[in-house]
Structures are given as structure tokens and as C-alpha cells.
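Colleague: I would like to learn how to read the features of a model like this one. Please put it on the screen, and I will ask as we go.

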Amino acid sequence: MTRLFCFPRIKIVTREELKQHQRERREKCLRAIVDSTEKKKLIVAGAGTGKTYTFSKLIEKRKGGNNLAMTFIRKLVADMDVALHGNAEVRTFHAFCKKTLHGKHGAFELVSFLPDVVLKDAALLNENLANFARKFQMLDEKSREIEFYLQRSVYYSALGFDDAVYRLLREIQKSPEILPEFDQIVIDEFQDFNPLEVAFIQELAKKGDILIVGDDDQAVYNDRSASPTHLRKLYASGEFKNFDLPFCSRCTEVVVDATNALVKRASSSGYLKDRIPKKYECFLDEKEADSKRYPKIVIANVTTGKNIAKYIDREIAKIDPADVAESHIEGKEYPTVLVVGKRHYLKETEKQLRERHPQIRYTPSSGVAYGIADAFRYLIPNDKSNLGWRILAELFLDEDEQRKIVKGSLSGKPIVELLSSQFVERQMRAAAR
């Protein structure tokens with residue numbers, strides 16, 4: 001009796017061969033994106049996979065043209081501007097809307113705390129209103145909140161972040177010529193967009209070739225009505241050509257492997273059913289040395305804030321001096337160590353660590369949205385600023401007086417004319433100091 005044995009074909013490659021194969025595959029992925037003639041492109045890729053570098057190569061082909069790059073995070077604007085070598089206008093979403101509205105209507109204030117002021121106005125008028133930002137973000141146009149907010153916004157000659165986008169969106173839908181034509185548009189962090197911003201991007205996409213980038217695994221802003229659902233729908237729509245960037249140049253092998261293991265375990269347990277599948281590999285050419293220096297993830301269990309501080313201090317002592325020096329490079333400074341946690345733990349941890357690390361910075365969030373400095377910032381260039389006087393009224397007058405002032409302002413009368421002359425004179429003397 002003759003037996004046949006079939007053995008699987010196994011190819012053994014060296015580390016250098018693997019790195020060369022990765023280089024070739026990464027270049028192939030990049031060229032597929034940059035050389036594509038598709039007008040609508042979508043990249044869904046993990047952290048550290050070279051999205052900004054891809055932006056730069058794509059826009060380089062349109063050098064000298066009218067190009068626009070938008071990112072959701074303000075702190076990334078400067079880095080992206082440098083990376084794109086001045087070949088594109090780089091803006092945050094809200095800064096672009098402000099600039100465009102300025103061009104059409106003239107200057108106005110973009111005030112982050114305006115929703116708080118309007119909310120207090122509503123309370124003083126016994127209007128049962130709430131969640132102004134969410135009403136705009138979800139395009140809930142039948143709500144009383146949007147109507148009331150827009151009226152107060154005009155009175156204060158100020159816009160908040162969400163209503164600035166809303167106003168421009170509605171103007172563009174009526175008059176598309178407000179937006180110029182672009183040669184290339186690139187949009188970052190699409191997983192953190194809400195329905196209002198998604199609607200705006202739909203209008204912007206009519207004005208030129210567009211590349212949208214996102215990662216549904218990095219969706220962290222659900223508190224502003226954002227959802228990775230919009231990215232997933234775009235990915236499945238067939239409207240955009242989908243591309244990959246699978247190689248991570250930011251994380252070590254152990255971090256990438258742990259991420260993939262976590263995703264695999266969660267998926268097999270019935271979670272992540274709507275997740276967009278994506279490859280994620282450590283790019284050894286750039287991370288092999290770091291991977292060897294940091295080959296494992298350490299898990300520790302501690303019981304008190306004091307013990308947490310001791311553990312963190314021991315780990316700090318193990319950091320390679322070269323890594324510490326790199327974090328201090330002028331112009332690229334970043335925290336050598338980042339400690340994240342709940343406030344009651346962080347407060348005690350900071351107290352313990354400061355004894356050995358006096359340079360530590362602990363900045364808990366403040367519950368105060370605005371104050372005297374904000375009021376004078378508006379009043380010094382314009383002593384009739386309704387917003388400036390409204391802030392001072394809230395800070396120094398009782399609730400009944402505030403209510404009279406807000407009710408009186410509904411007719412359009414300036415707040416300064418609703419205040420006593422003594423109050424106005426006293427505040428203006430303070431502003432002049």
C-alpha cells in the first residue's frame with residue numbers, strides 16, 4: 001500500500017528580507033494613492049501609518065494650485081503646514097468657516113463660550129432650552145434652541161464653533177459660489193465628524209478633488225455628537241475609492257501586536273461588528289531599534305495614589321537618556337512622560353511625584369468658562385460691546401438685575417444703555433488701568 005504525504009510549502013525569510021518586502025509594499029500603497037486619477041479618495045488607516053506624509057506627496061503634485069488641508073485638531077495645524085511645505089492652505093474646520101464668513105460678512109468674534117452665555121440668557125428668560133451645541137451638530141433645525149441661539153448670536157456679534165459651521169453650510173447650499181474651486185482638498189480625522197460637519201464636507205467635495213482620511217478605531221469625540229458611523233458609511237458607499245496605509249512607523253512591535261490581538265479577541269467575542277477591517281503592521285525599518293529596547297508591555301496593580309506615584313517614579317528612572325533628550329529638542333518639545341487617569345488619583349500622584357520631579361505640570365480642567373479678562377478683551381476695542389457688558393453684568397449684578405437686562409436686550413437695545421451709569425463708569429475705569 002502506497003502512502004502519499006503532502007507537506008505545506010513554507011518559505012523562511014530573513015529579517016532583512018522582511019524589511020525589504022515591507023518597503024516595497026509601503027511604496028506600492030503610497031503610489032496607488034498619489035497616482036490615482038480618482039476624484040474622490042478615502043484612506044482608512046491606523047495610527048502612525050503616514051497619513052500626513054501621504055497628504056504632502058498628493059498635494060506636491062498640485063504644487064502652485066489652490067489646495068486646502070483641514071484637520072479637526074488645532075494643535076496639528078502647525079505640524080501639517082510644515083509637512084505640506086506651504087503648498088496648501090491648512091486650517092482647522094472652524095477656522096476655515098470663520099475665514100470664509102469674514103470674507104462675505106466682515107469681521108466678527110469667534111467665541112468658544114458663547115453657548116454658555118446664551119444658555120444663561122435662556123434660563124433668565126425662563127426658556128426651557130438646553131444642548132445648543134448638539135442641536136446644531138445634529139442639524140435639529142426645528143428646535144427652538146437653534147432659533148433662539150441665532151438671535152442671541154446676532155445681538156452679541158459673535159459666533160460659536162458649531163453655529164459658525166451651520167451658518168456657512170446654509171449659505172453655501174443657497175449660494176455655492178461662496179466657496180472657491182480647489183485643485184486638491186484633504187480632510188483628516190473624519191471619524192470624529194458629526195452630522196453638521198459631514199454635511200459641510202459633502203458640499204466642499206463638490207469644489208475639487210478630495211481625499212478623506214480617518215480611522216474608526218480612533219473615534220474619541222462622541223461627546224460632540226461625532227460618530228465613526230459616518231466614516232463607515234462612506235467606506236461602504238462606493239462613492240469613494242478606498243485605499244490602505246497598513247504600516248505603522250510610530251509604535252513598537254509589541255504595541256502593534258497587542259492592538260491586533262485586542263481587535264481579534266473583541267471580534268471573536270461578538271464585538272466590533274461594524275468595524276472597518278484594516279491591516280496594521282509595525283514598519284521595521286523605522287521601529288526595529290525601539291522594538292528591541294521596549295519589547296514588552298508592563299501591567300501593574302497598585303492600591304493607593306502613593307503606590308501609583310512610587311511605581312511611576314521607578315519606571316521614569318528606566319527611561320533611556322536618549323529618549324529624554326529627544327523629548328527636549330527645541331521646537332519639537334513634548335512630555336517625556338504622560339500620566340492619564342481620574343482626577344482624584346492624579347491629584348495625589350502629582351503631589352508625590354513633585355518631590356522628585358519639580359518640573360511636573362498638572363493642569364486640571366477649570367469649570368469657569370469666562371471671566372473679567374474676557375469681558376475687557378471685547379470692551380477695550382469697543383466700549384459698546386454687548387458681549388463684554390453681558391459678561392460683566394453676570395459677574396457683578398444679582399440675578400434679578402441680569403434678568404431685566406437680558407429682557408431689555410430683546411428689543412435690540414445695547415446692554416450698556418440698560419446698565420446704570422455708575423456701573424458703566426466704574427467698569428470703564430477698571431478697564432483703563
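Colleague: Where is His357 found?

Modeller: First, what we are looking at. This is a predicted model, in which local features need pLDDT of at least 70, side-chain atom pairs count only at pLDDT 80 or more, and totals for chains, interfaces and linings use all residues. Residues are numbered from 1 along each chain as its sequence is written, and side-chain values use heavy atoms, with hydrogens and water left out. Helices (H or I, at least four residues) and strands (E, at least two) are DSSP runs, numbered from the N terminus. On that basis, His357 sits in the loop between helix H15 (343-353) and helix H16 (372-379).

Colleague: Is His357 buried or exposed?

Modeller: Buried means under 20% relative accessible area, exposed means over 50%, and partly exposed is in between, using a 1.4 Å probe and protein chains only. His357 has a relative accessible area of 15%, so the residue counts as buried.

Colleague: What is His357 in contact with, leaving aside its neighbours within four places in sequence?

Modeller: Contact means heavy atoms within 4.5 Å. With those neighbours left aside, His357 touches Asp313 and Ile316. A polar contact is a pair of N or O atoms within 3.5 Å; within protein, one must be able to donate a hydrogen and the other to accept it, and residues adjacent in sequence count only if both atoms are side-chain atoms. The side chains of His357 and Asp313 make such a contact, at 2.7 Å.

Colleague: How do I read a helix for its buried side? Which residues are buried in helix H10?

Modeller: An α-helix has 3.6 residues a turn, so residues three or four places apart point the same way. In H10 (residues 229-237), the buried residues are His230, Leu231 and Leu234. Seen down the axis of H10, they fall within an arc of 100° and so line one face of the helix. The arc is that of the directions from the helix axis to the C-beta atoms. Exposed Lys233 and Ala236 are on the face of H10 turned away from the buried side. The cover over the buried residues of H10 includes strand E1 (40-44), helix H9 (195-204) and strand E7 (209-214).

Colleague: What follows H10?

Modeller: Gly238 comes after H10, with a positive phi near 80°. Glu239 is in the loop between H10 and E8. Its relative accessibility is 44%, so Glu239 counts as partly exposed.

Colleague: Which residue does the side chain of Glu239 make a polar contact with?

Modeller: The partner is the side chain of Lys40, at 2.7 Å. Apart from neighbours within four places in sequence, Glu239 is in contact with Lys40 and Leu234.

Colleague: Which residues are buried in helix H18?

Modeller: In H18 (residues 399-409), Gln402, Arg403, Ile405, Val406 and Ser409 are buried. Down the axis of H18 these residues fall within an arc of 165°, so they line one face. The face turned away from them carries exposed Asp400 and Lys404. The buried residues of H18 pack against H5, helix H7 (144-156) and helix H17 (386-396).

Colleague: Which residue caps the N-terminal end of H18?

Modeller: Asp398 does, with a side-chain oxygen 3.2 Å from the backbone nitrogen of Asp400.

Colleague: What about backbone angles? What is phi of Asn126?

Modeller: Phi of Asn126 is near 60°, a positive value in a residue other than glycine. Asn126 is in the loop between helix H5 (114-124) and helix H6 (132-137), and is exposed at 66% relative accessibility. Asn131 lies in the loop between H5 and H6, has a positive phi near 55°, and is exposed with a relative accessible area of 54%.

Colleague: Then the whole protein. How many helices and strands are there?

Modeller: There are 19 helices and ten strands. Buried residues make up 42% of the 433 residues. Along its principal axes the C-alpha trace spans about 110 × 60 × 45 Å. Of the contacts between residues at least 6 apart in sequence, 72% join residues at least 24 apart.
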